[in-house]
Amino acid sequence: MPGKTTPKKRTSGQDETGASKKKGARPGKSKKPTSTGGKPQASKGHGPDFPIAGIGASAGGLEALIALFKPLPADSRFSFVVIQHLSSRYKSAMDQLLSHATDLPIIPIKNNLAISPGCIYLAPPEKFVSLINSRFRVQPPRSLGSGVPLPIDHFFTALAEARQEKAIGVILSGSASDGTLGMKAIKAVGGLTVVQSPDDATYASMPESAMATHMVDFILPADQIAEKLIAVVTHPWISANDTPPVDNQHRDRALARVFSLIQSKTGHDFSGYKPSTIHRRIARRMAIHQLHKLSDYAKLVARDPAEAGRFVKDMLIGVTGFFRDSPAFATLQEKAIAPLVRSKGPGDRLRVWVAGCASGEEAYSVAILIAEVMAQQGIQLTVQIFASDIDPQAIDTARLGSYPENIAEAISPSRLSLFFNHSGGRYHIKKNIRDSIVFSTHNLISAPPFANIDLLVCRNVLIYFKPKLQQRILSLFHYALNENGILFLGPSETIGNVADCFATVSLKHKLFRHRDRAEPSRHGINHRTGGMGHADFDLPVHVKTSPTLPDLSNDIERIILDEYAPPAVIIDPYFEILQFFGHTDPYLKMPQGLASFNILKMAREGLAPKLAECIRRALTSGKTERAEGVAIQYAQHLILATITVRPLQDKPAGKQRLIVLFQETPERDRENRRPPSSSDADQAPPDVKHLEYELNATRAYLQATIEELETSNEAYKAANEELQSVNEELQSANEELETSREELQSTNEELVTINAEHLQKVNELTKANSDISNLMESTEIASLFLDLDLRVRRFTPAVSRIVNLRPADIGRPVSDITTLMESVDVHALAHQVLDKLERQTLEVRDKSNRWYEMRLMPYRTIDNVIDGVTIAFIDITDLRRVHMLRRITAVFERSSDAVTVQDFEGHILSWNMTAEKLYGWSEEEATHMHITHITDENHRHDYAAKTRLLQRGEKVAPFKTVRIPKNGAPISVWVYASTLVAGNHQPADFATFERPIDR
């Protein structure tokens with residue numbers, strides 16, 4: 001069958017760490033009778049939340065299913081639901097075949113059937129199966145853009161919603177990529193994901209597609225999967241109904257140890273996440289590694305550098321999709337995006353920030369809504385969408401803008417045609433939408449926010465954080481938004497104690513509008529050096545309480561800082577501003593283009609050179625550095641200022657910070673603070689002194705720029721990533737051929753599966769195989785089968801071109817059938833074959849002058865019994881023409897004229913020995929030449945005109961031309977040209993016979 005591959009050699013099991021696992025003794029099997037009917041009772045002691053394993057299999061999956069179920073005990077604690085690509089046109093024997101491999105009851109799924117533990121359920125052919133309230137729901141499949149339904153993805157997604165962390169997804173042998181998105185959904189809710197090792201699978205496409213998501217917990221041979229599932233499901237941290245069994249006295253200490261190790265290895269701080277989320281993820285990791293103490297898991301994180309990254313990956317997985325919660329997106333478009341677009345003028349900039357964008361679906365959804373509103377209102381804006389996420393792999397996926405076909409379930413056909421290109425079995429975002437979005441890795445907890453935002457989308461991110469951290473991030477969002485900017489949250493998220501910062505647009509769909517607070521400290525975002533995850537971080541969150549002394553102290557402190565302290569900022573060693581103090585506008589301005597808090601990019605004219613030099617000296621020496629009399633251009637006049645850079649040390653985090661203070665020089669001190677100069681320099685013209693100052697400033701700035709080249713790479717990273725994404729898009733075009741091959745394999749999956757189920761029933765096809773065997777002997781399609789009475793038994797459609805046969809003629813004597821052959825008695829020839837049992841071959845011609853080789857042979861069954869006559873007709877018309885051409889070629893070679901064959905573009909295809917002697921070039925040399933190379937320049941136009949006449953099929957009378965041979969001496973020749981006709985009776989090439997005129 002097309003696409004079938006030889007099963008690969010099995011290898012020992014590997015977990016996600018890549019370490020080999022020795023195969024232990026398989027659990028014993030109970031010998032109690034099997035049952036394929038009736039409703040099994042739930043095992044005693046199993047609640048309604050028992051684990052359910054969804055198993056997706058396709059081509060080559062039968063062998064893997066048998067290997068998986070063989071070691072399972074009859075008292076299994078969880079249920080299996082097998083989803084395969086089956087056709088309703090054939091009756092499946094899957095339950096009978098699997099019953100030989102397991103003692104578990106095997107039950108076909110029916111609508112509203114209750115699911116129970118300890119059973120294997122088989123999905124019906126060409127149906128979508130889901131779970132609602134522990135009962136199966138069966139419905140017709142929804143075909144996507146390619147017309148290919150994806151039942152495995154559908155069930156896995158439903159299983160994740162129904163069972164959360166008790167959902168298990170298993171992908172076995174199969175082609176294409178069904179099940180990949182479903183595995184992501186299971187992983188997102190904390191479930192377990194397992195795939196069959198590609199080396200163990202007959203078809204590796206489905207396992208490899210799931211592995212490409214980097215969301216697979218185990219990669220194992222099929223016969224080791226059951227053992228691993230039992231070990232994980234029975235782990236006490238998974239099977240416990242509430243808090244995992246751990247000594248509470250040491251739990252907090254061990255958790256703190258785990259958080260500290262993960263932060264030191266990855267830079268991610270999870271201390272602000274909700275404890276329930278943390279406990280579920282840690283329990284999952286401990287079950288995977290078969291650890292029973294939290295302190296042992298802390299030791300594993302300490303000694304295994306990769307485990308911290310796996311834990312972070314588990315924590316950062318989020319469920320997303322195009323237009324997820326479509327009513328909310330419709331409200332967003334109507335009540336937020338449309339008013340924002342109307343408030344802008346043509347050519348204005350609309351800035352959007354999608355925080356926690358995951359794999360990009362939400363960001364592209366917002367971009368599509370904006371494009372639709374601009375088209376409706378006839379307004380063209382410059383749209384800048386900043387889509388950020390903490391997971392670099394998710395950002396890489398988002399940049400590609402390539403998604404599988406099942407996104408068609410969430411996107412209308414009109415949007416698919418307007419904003420997507422469909423190729424290679426995937427949907428690709430169109431360039432105009434892709435170019436409006438900048439994807440970047442961004443830590444929402446610790447990194448500075450994007451600024452001047454009109455629309456901020458952050459859905460289903462805050463639900464993982466503790467209330468205090470939620471309030472801090474919401475205050476940060478308030479700072480990032482413009483006046484009347486819109487905040488769009490998830491359905492389970494609220495603005496909590498910062499309600500005075502936002503006005504409600506739609507409470508149902510979580511849309512809020514920015515409004516200024518009464519306090520003047522809106523811009524006082526406090527990025528302390530320890531990062532947002534530490535207790536000393538504090539954003540201004542305004543809770544309505546009665547005034548107390550601490551509140552007055554905070555107000556007094558703020559007033560003193562605003563009135564008497566100089567403006568200042570805190571920066572890190574990479575020149576990024578972490579916090580602002582006071583009125584910094586005379587010294588710093590918001591940069592143009594990509595949002596950045598780099599102090600050198602924000603510095604006003606005249607400030608950057610001295611500022612860069614001071615910061616560099618302070619970083620090198622660790623001491624306070626100062627620059628006096630710095631001239632700064634502000635509001636069309638110069639101000640003189642003193643810059644002070646003082647190093648700070650964040651002891652808890654061990655990170656270096658610097659505080660930069662700006663002090664304007666008073667009028668009375670400006671003359672005294674003027675830089676000293678020599679008497680000669682005082683007498684220099686003002687223009688010369690100004691040029692000297694600019695030269696010195698330029699030198700300092702150039703030196704600082706050279707020494708800080710390494711830090712500047714961060715600023716170019718985003719642009720580089722965009723170029724990489726374009727390159728990846730181009731590379732994806734090269735993969736379309738491979739994708740097409742996989743799609744062809746997918747269309748054959750049903751036939752492959754049915755073939756595997758019917759291997760035991762091959763004897764029923766013996767009669768058909770006898771016909772096929774004799775047909776193959778004839779090596780041609782045009783075949784006629786006669787029985788012992790020389791009556792028509794069967795014939796192929798091609799025979800009707802030679803013999804006047806119709807389906808109704810089956811059973812008629814061959815002597816009653818007329819043929820298109822001249823002087824051929826088919827009945828007499830067939831009778832001779834039956835009498836002598838010898839094969840006969842003869843050449844015959846039909847009335848349309850086509851020649852056939854007619855082969856007659858005895859019809860033999862597989863048991864070598866003579867049961868009639870087989871007649872095959874092989875078209876040899878072209879073969880006879882070849883023989884004729886060979887004779888013509890012999891004449892061609894012996895001709896006394898120079899004979900050439902040319903195409904209508906002027907390329908020489910061949911010429912004979914006479915042409916070699918006449919013109920001096922060998923045939924090998926000539927076939928690399930153009931006819932103009934040997935034609936005199938004055939005759940080329942006329943020769944081309946004759947060629948065009950020949951190409952149109954017109955006759956050309958002999959004509960004269962001048963050839964230039966290899967020795968350069970022109971030769972006048974007569975040319976006799978004739979068109980060579982192809983099989984479709986159209987001119988293909990032409991031949992010339994050329995004879996010197998003086999001959």
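A nonpolar core is taken here as a set of buried Ala, Val, Leu, Ile, Met, Phe, Trp, Tyr and Cys residues joined through side-chain atoms within 4.5 Å, where buried denotes under 20% relative accessible area (1.4 Å probe, protein chains only). The model is predicted, with local features requiring pLDDT of at least 70 and side-chain atom pairs counted only at pLDDT 80 or more, whereas totals for chains, interfaces and linings use all residues. Residues are numbered from 1 along each chain as its sequence is written, and side-chain values use heavy atoms, with hydrogens and water left out.

The largest nonpolar core comprises 49 residues, of which Phe-322, Leu-332, Ile-370, Phe-420, Phe-439 and Leu-455 touch the most other members. Helix H13 (residues 361-377) makes the greatest contribution to this core, supplying ten residues; helices (H or I, at least four residues) and strands (E, at least two) are DSSP runs numbered from the N terminus. Beyond its neighbours within four places in sequence, Leu-332 is in contact (heavy atoms within 4.5 Å) with Ile-337, Leu-369, Leu-455, Phe-488 and Leu-511. A second, separate core holds 47 residues, including Phe-259, Leu-294, Leu-481 and Phe-512.

Strand S36 (residues 987-996) pairs in the antiparallel sense with strand S32 (residues 898-902) over five bridges, pairing being assigned if DSSP finds at least two bridges between two strands. Strand S35 (residues 971-981) also pairs with S36 in the antiparallel sense, over nine bridges. Within S36, Glu-994 is the bridge partner of Ala-898 and stands opposite Val-975.

Overall, the chain contains 32 helices and 36 strands, and 48% of its 999 residues count as buried.

Notes. Buried < 20%, exposed > 50% of the residue type's maximum accessible area, 1.4 Å probe, protein only.
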